[in-house]
Amino acid sequence: MKWKSTIVFVLVLLTGAVVGGLIAQLTAGIPGLSWLAYGASFGISTGSPLVVDLAVIKLVFGCMVEINIATILGIVAALLLYRKLV
């Protein structure tokens, strides 16, 4: 039963991050709320991913993380909701 609660916890966190990212995109053009979209991106950009070419199979590895204030607030809200539910 422990793994089920871990899966639910991870899904709640991911949902909070996605909702926060959506809010950031929606409020980016609104003058009073544009601060929610302030953030940074880091990782392996799409311009230079790690490519392993084995002649038969070509593997491409890359990962980008974009974090902003709305995403952080979404994760915090999801954590609070999870604590209330559990």
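The buried residues of helix α1 pack against strand β4 and helix α2 (69-85). In this predicted model, the buried positions of α1 are Val12, Gly16, Gly20, Ala24 and Thr27. In an α-helix, residues three or four places apart point the same way, because there are 3.6 residues a turn. Helix α1 covers residues 2-27, and at 1.5 Å a residue its 26 residues should span 38 Å. The C-alpha atoms at the ends of α1 are 38 Å apart, in agreement with that expectation.

Strand β4 comprises residues 63-68 and includes Asn68. The relative accessible area of Asn68 is 8%, and Asn68 is therefore classed as buried, the cut-off being under 20%. Leaving aside residues up to four places away in sequence, Asn68 touches Gly20, Ala24, Leu36, Ala37, Tyr38 and Gly39. Of these contacts, Gly20 and Ala24 are also among the buried residues of α1. A polar atom of the Asn68 side chain lies 3.4 Å from the backbone nitrogen of Ala70.

Ala55 is located in the loop between strands β2 (50-53) and β3 (58-61). Its relative accessible area is 76%, so Ala55 is exposed, for which the cut-off is over 50%. Most residues other than glycine have a negative phi. Ala55, although not a glycine, has a positive phi of about 70°. Asn68 is thus a buried residue in strand β4, whereas Ala55 is an exposed residue in the loop between β2 and β3.

Note on methods
Residues are numbered from 1 along each chain as its sequence is written. This is a predicted model: local features need pLDDT of at least 70, side-chain atom pairs count only at pLDDT 80 or more; totals for chains, interfaces and linings use all residues. Side-chain values use heavy atoms; hydrogens and water are left out. Helices (H or I, at least four residues) and strands (E, at least two) are DSSP runs, numbered from the N terminus. Buried means under 20% relative accessible area, exposed over 50%, partly exposed in between (1.4 Å probe, protein chains only). A polar contact is a pair of N or O atoms within 3.5 Å; within protein, one must be able to donate a hydrogen and the other to accept it, and residues adjacent in sequence count only if both atoms are side-chain atoms. Contact means heavy atoms within 4.5 Å. The expected span of a helix is 1.5 Å times one less than its number of residues.
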